[in-house]
Every structure is written in C-alpha cells, then in structure tokens.
Amino acid sequence: MKGRMFSTLYIFVLSLVFTSVVSGLNGINQDRIRLNEERKRQALVLHVLHIALDPLATDQDVALTFSRRVRTASLGDRPLYVGLEADASTVVGYAFPVTGPGFWGPIEAMLAVDPQGQSILGIAFYRHSETPGLGGRITEEWFQKQFQGRPLKIPPAGMRFFYFKTPGTASGPSELDAITGATETTRRLEMFLDEELKKTIPLLLEQKKMQRV
C-alpha cells in the first residue's frame, strides 16, 4: 500500500516538475518570438520608408533607429507609421499594413506612401502562402520595386489603381508586370491592393488635414 502511494506521489511530483519546466520554457520562447516579430516589423517599416540601416545593423540598431525616425499613430483600425528625417520633425512618408486574400491564403504587406499621399514609396510582401517559384515570387525585389513611384490619384469609378500585364508588356503608370505562371496570385493582388488603397488613401489625406500627422 505504501509503495503504491509513493509511486503515485512520485509520478505526480515528476509530472509537476516537467510541466513547470515546459511552461517556463514556453513563456521564455514566446517573449523571444514576440521580440523577434517586433524587430522584423520595425525593420520592414524602415525599409519601405527608405530609412537606411547599416547592412550589419543589429536588433538594437534597428530598435534605436525606429525609435528616432518613426512615430506611431493610428489610421482607422490599423497602425500608421510616420517616417521622419534625421531631424526627427520633417515627415518623409507614411507606412501602413495592407492585407487581402491570395490564391492559397492571406497575403500581408507593408506599404509606404510619400508625405503628400500621392505616390508609393515602397512595398514589401512579408507573409503569404503562395506557391514557391510562382506566386511566392511576389517577395522578389524586381516585383516589389516596380511599385515605387506609382501615382495614387483615386481612379474613376470602375477603374483600378494598378493592372498586372503579361511580363514585358506593361506600360504607363497604372500597369505592372505580372509574374509568369502566377495569374491567380497577381489577379487577387490587383484586386485587394485596389480595395485597400481606395479605403486607406482618402482616410490618410483626411486625417492629415484634420490632425496634421
């Protein structure tokens, strides 16, 4: 009887110890994951705003530059990142997250516009489930770079900000090269970016006018 009680107590204590250790490690890892995600977000915002970082910049460098050169506000239900010159007062642009459905799952990006909200400074697609080598190529530099400088004048009813064309045939400010073999990804990207920009740009301009962010 005593042996059975001892075995039960021993298993209980052992399980409690292991559970505590696992919970502790999980808590530590979760904090580390959150910190890593925060640093990635900060680096992404700096990147689309063209606020330069040293190629060998550490996480601490990223955090310090972000704290000096970016002011965080809100834009409706999403964060708004106000990029500043080195003087910490002159606005260089505004960055905000955009998201929408891709072919296989949500696509998330960070997009930056100039201080007047009239053209795109940069965009970075950082999370998606698109097919590697096809739709997954939206993260490639050539694809993202073609958005830079594109005008953001609200298009007439029934028209979109951008249209993806057969690679090599894009012309004019509203046309971009699609990705060969990724028709569905670029089609859905075209649709949700148009919806996000039509919703966000007027809101940004109105907020700038009212609050001077």
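## Exercises: strands and salt bridges

Six bridges join β4 to β5, and the two strands run antiparallel. Keep this pair in mind as you work. The model is a predicted one.

**Exercise 1.** Find what lies between β4 and β5, and state which residue in the turn has a positive phi.

*Solution.* 
- Step 1: Locate the strands. β4 covers residues 106–113 and β5 covers residues 120–127.
- Step 2: Look at the link. Six residues lie between the strands, and together β4 and β5 form a hairpin.
- Step 3: Check the turn. Gly117 has a positive phi of about 70°.
- Step 4: Look across the pair. Opposite Ala109 stands Phe125 of β5.

**Exercise 2.** Decide whether β5 is largely enclosed or largely open.

*Solution.* 
- Step 1: Recall the cut-off. A residue is buried when its relative accessible area is under 20%.
- Step 2: Apply the count. Of the eight residues of β5, six are buried.
- Step 3: Conclude. The rest of the structure therefore largely encloses β5.

**Exercise 3.** Describe the salt bridge between Glu108 and Arg127.

*Solution.* 
- Step 1: Take the distance. The N to O distance is 3.1 Å.
- Step 2: The cut-off is 4 Å between a side-chain nitrogen of Lys or Arg and a carboxyl oxygen of Asp or Glu.
- Step 3: Glu108 sits in β4 and Arg127 in β5, 19 residues apart, so the pair links distant parts of the chain.
- Step 4: Glu108 is partly exposed at 23% relative accessible area. Arg127 is partly exposed too, at 39%.

**Exercise 4.** Work out how far apart Arg41 and Glu38 are in helical turns.

*Solution.* 
- Step 1: Find the helix. Both residues belong to α1, residues 2–48.
- Step 2: Confirm the contact. Arg41 and Glu38 form a salt bridge, with their closest N and O atoms 2.2 Å apart.
- Step 3: Arg41 is partly exposed at 22%, and Glu38 is partly exposed at 29%.

Terms used: Residues are numbered from 1 along each chain as its sequence is written. This is a predicted model: local features need pLDDT of at least 70, side-chain atom pairs count only at pLDDT 80 or more; totals for chains, interfaces and linings use all residues. Side-chain values use heavy atoms; hydrogens and water are left out. Helices (H or I, at least four residues) and strands (E, at least two) are DSSP runs, numbered from the N terminus. Buried means under 20% relative accessible area, exposed over 50%, partly exposed in between (1.4 Å probe, protein chains only). Two strands pair if DSSP finds at least two bridges between them.
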